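Here is a short briefing on two spots in one chain. Look over the sequence and the structure first.

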Amino acid sequence: MLNYLVTRLWQSVVTLILASMVVFLGVRQLPGDPALAMAGEEATPERVEAIREQLGLNESLVTQYLKFVGNMLRGDFGQSTRTGAQVTDLVAATLPVTLWLSAYAIVVAVVVGVLLGIIAERFRGRWPEWMANALALIGLSVPNFWLGILAILYLAVAFGLFPASGYVPITQDPIQGFYHLTLPAIILGTSLAAVIMRQTRASMIETMKTDFVRTARAKGLSRQRVLVRYGLRNSLIVVVTIIGLQLGGLISGAVVTERIFALPGFGKLTLDAVFTRDYPVIQAVVLLITVGYILINLAVDILYSVINPRIRVGGKS
Amino acid sequence: MTLSTADAPAPLLSVRGLEVTFGDNAEPVLHDVSFDIRPGERVAIVGQSGSGKSTIIGAILRLLPGDGHITNGSILLGDEDLAAASEQHMRGVRGRRIGLVPQDPASNLNPSMRVGAQIADALAASGHRNGADVDKRVVELMTEAGIPEAKRRAKQYPHEFSGGMRQRVLIAIALSRQPELLIADEPTSALDVTVQRQILNHLQTLVDAHGTSLLFITHDLGVAADRTDRIIVMSEGRIVEVGTPAQILLSPREDYTKRLVAAAPTAVAQVRVASGSSTLDRGPILEISHLVKEFRIRGQRGSILRAVDDISFSVERGTTTAIVGESGSGKTTVARIILGLESATSGTALVDGEGITASRGQQRRALRRRVQPVFQDPYGSLDPTYSIEKLIDEPLRIFKVGDRRSRQDRVAELLDQVALPRTVAQRRPNELSGGQRQRVAIARALALEPELLICDEAVSALDVLVQEQILTLLADLQSNLGLSYLFITHDLAVVRQIAHSVVVMKSGTVMEEGSTDAVFRSPSSDYTRELLSAIPGASLVG
């Protein structure tokens with residue numbers, strides 16, 4: 001297990017170095033000049049040149065990259081070229097919003113998806129399964145932003161069940177915080193829930209046909225108990241994989257969802273930074289997302305071994 | 001539900017006119033099945049795969065797979081009709097009144113649940129809730145089923161148990177609530193003979209001690225004869241014949257039963273060895289000397305497993321040598337080394353004086369042509385997307401033998417040799433039966449006109465009647481083509497039928513070696529004696 005972890009961590013470091021290069025070069029390939037963006041349309045060429053010098057943009061790419069990596073290792077992500085604020089402060093202010101939103105969306109998606117999946121298996125060939133299948137189809141095919149707009153129009157504006165926008169930090173006021181995040185989380189979690197539902201259903205149907213399920217039923221256990229203790233547990237492996245794979249989609253979904261619900265999150269920070277060629281912010285944001293991905297994948301692998309004892313220790317048998 | 005039971009004790013289970021159908025308007029798979037089991041009686045149902053014996057279990061427990069349902073008849077347990085009982089009612093019957101020991105220990109335990117918890121679950125179904133009591137009872141049950149260190153092992157997962165130990169866990173589960181009837185569905189067919197005997201002995205002790213009735217499902221007449229009071233022979237969903245083991249084995253009335261008895265590979269079955277293929281120049285085709293294969297055990301630094309430990313033997317040209325041993329004895333590793341799929345740590349395996357392990361490139365390719373394998377599982381070893389023709393001529397294409405036209409002719413010729421109609425050439429493996437597929441595998445092995453066939457458990461997955469046909473085919477091919485076989489098997493009865501000489505292996509070493517006759521008549525090692533006495537059916541016929 002330790003060997004495995006060390007290998008995985010080493011792989012992560014390599015991934016990070018590669019990612020930092022791609023980000024660094026990629027950002028500089030974007031059309032548009034940050035110095036120009038900062039100075040404004042009317043600025044004199046001398047003013048633009050001064051800003052360029054101040055940002056270190058006139059140095060060679062290699063020097064710029066090494067400086068960038070060096071600063072990052074010291075925890076210094078630089079300053080926003082747009083507002084002059086420390087990038088670390090910007091990230092610290094916006095990241096929690098997105099993390100709460102994503103976590104909430106995952107919980108919603110897992111609960112709804114797994115429940116619908118179980119219902120679909122339990123009532124195979126009857127109306128509850130058709131309903132669950134139809135819901136999944138809608139969840140997969142209707143785009144987030146459209147669903148979000150509908151939700152705001154009906155659930156928020158017409159019926160006033162949820163606030164249409166706004167954010168209350170959960171650490172300040174948990175009840176109001178979750179209340180404000182509920183609608184965005186449902187919207188963000190919809191397509192994930194649909195995928196999870198389909199996978200749970202398919203994998204439950206397979207598992208419920210296995211020999212050990214029949215043996216469990218021959219013990220005299222109720223169908224419900226067999227469903228949860230024998231069927232679900234073995235089906236969850238697939239679900240965890242799906243969550244791991246779908247998290248990328250969740251992050252891009254978060255960007256859109258935050259925009260619709262006007263949440264001051266990471267997605268909004270990213271979008272604003274891209275539109276204004278705010279190099280330091282873009283770099284920091286993309287790298288953080290990369291780190292996030294790597295950690296999530298690691299977590300998924302570890303979760304596997306918890307659910308499936310056969311994966312637990314490499315080579316022990 | 002009128003019943004005329006003139007027999008003295010009322011039957012515990014009485015099946016009358018049972019008919020089971022899968023799907024709507026389909027032909028029933030069970031026709032008019034009727035039998036009784038009296039308290040304390042042990043009854044065997046014997047039949048080949050597809051005879052409907054497992055469907056009977058599904059019907060009794062009302063756990064038929066898919067859309068199977070009972071379309072006619074009754075299943076009386078005492079005076080309740082299980083055929084008409086509600087799911088709620090069945091829950092009170094399963095486990096409590098009828099216990100099930102399922103077939104395959106590998107697939108019948110939940111892989112993600114500790115073994116102890118799975119036994120505890122069976123107890124929980126009867127309302128045991130007190131944690132400490134349940135734990136104690138679980139350990140008791142495991143100990144009773146013959147699992148050492150039960151307390152520690154209860155906390156392990158199924159993959160940490162051997163096949164035999166898993167089967168003991170399943171027995172513990174089945175007996176946990178002391179049912180009146182125990183159904184054992186081929187409980188040991190996936191296990192080695194000696195393990196099989198231990199488990200069956202143990203099961204019998206437990207069943208006798210509790211006075212439990214036993215319904216024993218098996219494809220093995222020998223096992224049925226050794227273990228039960230009455231045998232029901234089934235074929236194609238119908239009961240063919242019922243009788244005591246002596247009646248069935250010694251004076252069967254029906255043709256089907258007669259064929260089954262004749263094909264049963266018992267210790268004294270007729271010898272099918274191709275005798276007198278002596279026109280060929282003798283001398284060994286395969287010589288194994290001081291072969292050693294070591295594997296490093298992952299996760300444990302420096303520890304090494306000697307799977308094959310300094311073994312030597314040879315295979316004479318035109319004869320069959322069998323390697324017998326249980327799982328883990330190293331017999332398959334030897335085969336893999338001879339086929340060049342594995343390299344030896346030291347020692348040599350020479351085919352016609354040339355070493356495979358040492359050969360490279362062209363020489364190795366040439367050697368590969370002369371040694372061909374036939375594997376155990378005719379389902380797994382044929383690519384399901386290939387046509388039979390493509391499967392058989394694949395070796396010819398790989399070695400660029402002949403053109404398209406001549407290859408087609410060769411395939412037809414090979415199909416004739418293995419007694420398959422030429423029309424199967426355009427079909428795919430899943431359209432063929434297990435026996436037909438094994439014929440295809442043999443045809444493929446023969447395509448390059450090899451001198452030596454390595455048959456790794458080549459008939460173990462087949463029903464007895466089919467097994468007999470394949471063994472006959474192999475013997476015919478040997479006398480016609482002068483082939484040599486290295487036959488790897490765990491089944492001594494098969495060895496008796498086909499091999500000229502035999503090598504008995506255990507834990508990587510050769511325990512005994514000699515002509516089949518000599519080894520069977522006067523085995524020199526204790527281990528061989530143990531193996532011989534574990535052959536089912538030996539007691540009755542021998």
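Two residues are in contact when heavy atoms of theirs lie within 4.5 Å. The model is predicted. The briefing takes up one loop residue, then one pair of helices.

- B:Glu180 sits in a loop of chain B, between α6 (163-175) and β7 (181-185).
- Relative accessibility of B:Glu180 is 33%. Buried would need under 20% and exposed over 50%, so B:Glu180 counts as partly exposed.

**B:Glu180: neighbours**
- Leaving aside residues up to four places away in sequence, B:Glu180 touches B:Leu12, B:Arg96, B:Arg97, B:Thr212 and B:Ser213.
- B:Arg96 is 84 residues from B:Glu180 along the chain, yet their C-alpha atoms are separated by 8.0 Å.
- With B:Arg97 there is a polar contact, side chain to side chain, at 2.8 Å.

**Helices α6(B) and α7(B)**
- Helix α7 of chain B covers residues 193-210. Its axis and that of α6(B) come within 10 Å.
- The two axes cross at roughly 15°. Angles under 35 degrees count as roughly parallel, so α6(B) and α7(B) are roughly parallel to each other.
- The crossing of α6(B) past α7(B) is right-handed.
- From α6(B), the residues in contact are B:Gly164, B:Gln167, B:Arg168, B:Ile171 and B:Leu175. They meet B:Val195, B:Gln198, B:Ile199, B:His202, B:Leu203 and B:Leu206 in α7(B).
- By class, this contact between α6(B) and α7(B) has six nonpolar, four polar and one charged residues.

Technical notes: Residues are numbered from 1 along each chain as its sequence is written. Chains are lettered from A and ligands numbered from 1 in the order in which they are written. This is a predicted model: local features need pLDDT of at least 70, side-chain atom pairs count only at pLDDT 80 or more; totals for chains, interfaces and linings use all residues. Side-chain values use heavy atoms; hydrogens and water are left out. Helices (H or I, at least four residues) and strands (E, at least two) are DSSP runs, numbered from the N terminus. Buried means under 20% relative accessible area, exposed over 50%, partly exposed in between (1.4 Å probe, protein chains only). A polar contact is a pair of N or O atoms within 3.5 Å; within protein, one must be able to donate a hydrogen and the other to accept it, and residues adjacent in sequence count only if both atoms are side-chain atoms. Axes are lines fitted to C-alpha atoms, for helices over the stretch in contact, and angles run from 0 to 180 degrees between N-to-C directions. Angles under 35 degrees count as roughly parallel, over 145 as roughly antiparallel, 65 to 115 as roughly perpendicular and the rest as oblique. A crossing is left-handed if the near helix is turned anticlockwise from the far one by less than a right angle, and right-handed if clockwise. Ala, Val, Leu, Ile, Met, Phe, Trp, Tyr, Cys and Pro count as nonpolar, Asp, Glu, Lys and Arg as charged, and the others, Gly among them, as polar.
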